[in-house]
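Visitor: I'm new to this one. Could you show me how to read a few of its features?
Guide: Happy to. Let's look at it together.

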Amino acid sequence: MVPITYELIKTDKQTGARLGRVHTPHGSFDTPTFMPVGTLATVKTMSPEELQEMNANIILSNTYHLWLRPGEDIIREAGGLHKFMNWDGAILTDSGGFQVFSLSDMREIVEEGVHFRNHLNGDKLFLSPEKAMQIQNDLGADIMMAFDECPPFPATHEYMKSSVERTARWAERCLEAHGRPDEQGLFGIVQGGEYEDLRKQSANDLISLDFPGYAIGGLSVGEPKDVMNRVLELTTPLLPTDKPRYLMGVGSPDSLIDGAIRGVDMFDCVLPTRIARNGTCMTSTGRLVVRNAKFARDFRPIDENCDCYACRNYSRAYIRHLVKSNETFGFRLTTYHNLHFLLKLMEQVRAAIREDRLGDFKEEFFEQYGFNKPDAKNF
Ligand SMILES: [Zn+2]
């Protein structure tokens, strides 16, 4: 039995974006969708009940962080990640590769895997395709990611080519080491940076291994937005239409819409939760820094067009006061609002695809959010 399947419902006549549904052992979810990130087996400050309330049905957790603490053995003994954190919906775990390449500066890549230092205490560690699979099998997420190399941007063609080839060999080793293929679906990750020939090579290598889904990696690593859009335009047409596509590490509202238009089904990013803890909110009329003094006597909700728990019950003035006082409840309210905002945005994107008007929706949304202004911020 294949644990992860994808159903293509329709494509948008204006843009070609896909409306679909992904089936997992822990329920189905409609795509395009955004996955809140629960790095340490918790979406910071949110309870699983709150995530359900805002219609999140798949969340992401990080293999690298859970490996270091509490340790995958403890989570396995608890009965797996779903039981450990009391989350009945679907879970996706990454491979740990991205953190190894982004958090640790002392690292050595060899064919066997990567030697690096623990970012918490400096201990020497080693992660390989086999180890990444063993940890993810112990965690028991519905979707797991192959262990890949994520080279920085920019990288030379020569380096990227050798990296893409290693990623393909590692992907094959991941498949061989996968201990629970009937219960957990393993996605391959297409790399290749900004190089068209290497994206093709990487996609072909991985498609020949027949994964139940494919991620597009190596984007949102500091490249300009037009580079990301161009790479998506040349990569998604290479991927099978009957499998889900996941763009890793992307969560700004404009990128979610631009990604969906280019055929992406799944997204994740720490952006909405991270900026929330800094007192910044995403709203239908653009970014709102609730910490700002001008909101001290502003008794309107964060977003007058939002019907989330935070906006129905609390004012900018109150939330500003909580955030300025470092009160946990303030961060809970901004986090709740930001996640609700992105999940609602994806609902609107799906509705627009259903009605063949995603192009028009993008125009309206960008205009209202301020993305069309020359000095527009990324989120
Ligand atoms: Zn709200």
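Guide: One term before we start: a residue is called buried when its relative accessible area is under 20%. Keep in mind, too, that this is a predicted model.

Visitor: Which residues of H6 are buried?
Guide: Here's a general idea to bring along: an α-helix has 3.6 residues a turn, so residues three or four places apart point the same way. Now the case here. Helix H6 runs over residues 129-139 and is mostly covered, with 8 of its 11 residues buried. They are Pro129, Ala132, Met133, Ile135, Gln136, Asn137, Asp138 and Leu139.

Visitor: What comes just after H6?
Guide: Glycine 140, with a positive phi of about 80°.

Visitor: How do I read the largest pocket, and which residues are closest to its centre?
Guide: Begin with the space, then go to the lining. The largest pocket holds about 750 Å³. Its lining counts 37 residues, and Asn62, Phe98, Gln99, Asp268 and Val270 are the closest to the centre. By class, you'll find 15 nonpolar, 16 polar and 6 charged residues in that lining.

Visitor: Which helix gives the most to the lining?
Guide: That's H5, with 5 residues. Helix H5 (97-103) and helix H11 (271-276) each supply at least two.

Visitor: Is aspartate 268 buried or exposed?
Guide: Buried, and with no salt bridge. A salt bridge needs the charged atoms within 4 Å, while arginine 274, the nearest side chain of opposite charge, is 10 Å away. Aspartate 268 sits in strand E14 (residues 266-268), and its side chain reaches the backbone nitrogen of glycine 249 at 2.9 Å.

Definitions and conventions
Residues are numbered from 1 along each chain as its sequence is written. This is a predicted model: local features need pLDDT of at least 70, side-chain atom pairs count only at pLDDT 80 or more; totals for chains, interfaces and linings use all residues. Side-chain values use heavy atoms; hydrogens and water are left out. On a 1 Å grid over the protein atoms alone, a cavity is a set of points where a 1.4 Å probe fits but cannot get out, and a pocket is an open set with protein on both sides within 12 Å along at least five of seven lines; lining residues have an atom within 4 Å of a point. Grid points are joined across faces, edges and corners, and a volume is the space filled by probe spheres set on the points. Helices (H or I, at least four residues) and strands (E, at least two) are DSSP runs, numbered from the N terminus. Ala, Val, Leu, Ile, Met, Phe, Trp, Tyr, Cys and Pro count as nonpolar, Asp, Glu, Lys and Arg as charged, and the others, Gly among them, as polar. Buried means under 20% relative accessible area, exposed over 50%, partly exposed in between (1.4 Å probe, protein chains only). Lys and Arg count as positive and Asp and Glu as negative; His and the chain ends are not counted. A polar contact is a pair of N or O atoms within 3.5 Å; within protein, one must be able to donate a hydrogen and the other to accept it, and residues adjacent in sequence count only if both atoms are side-chain atoms.
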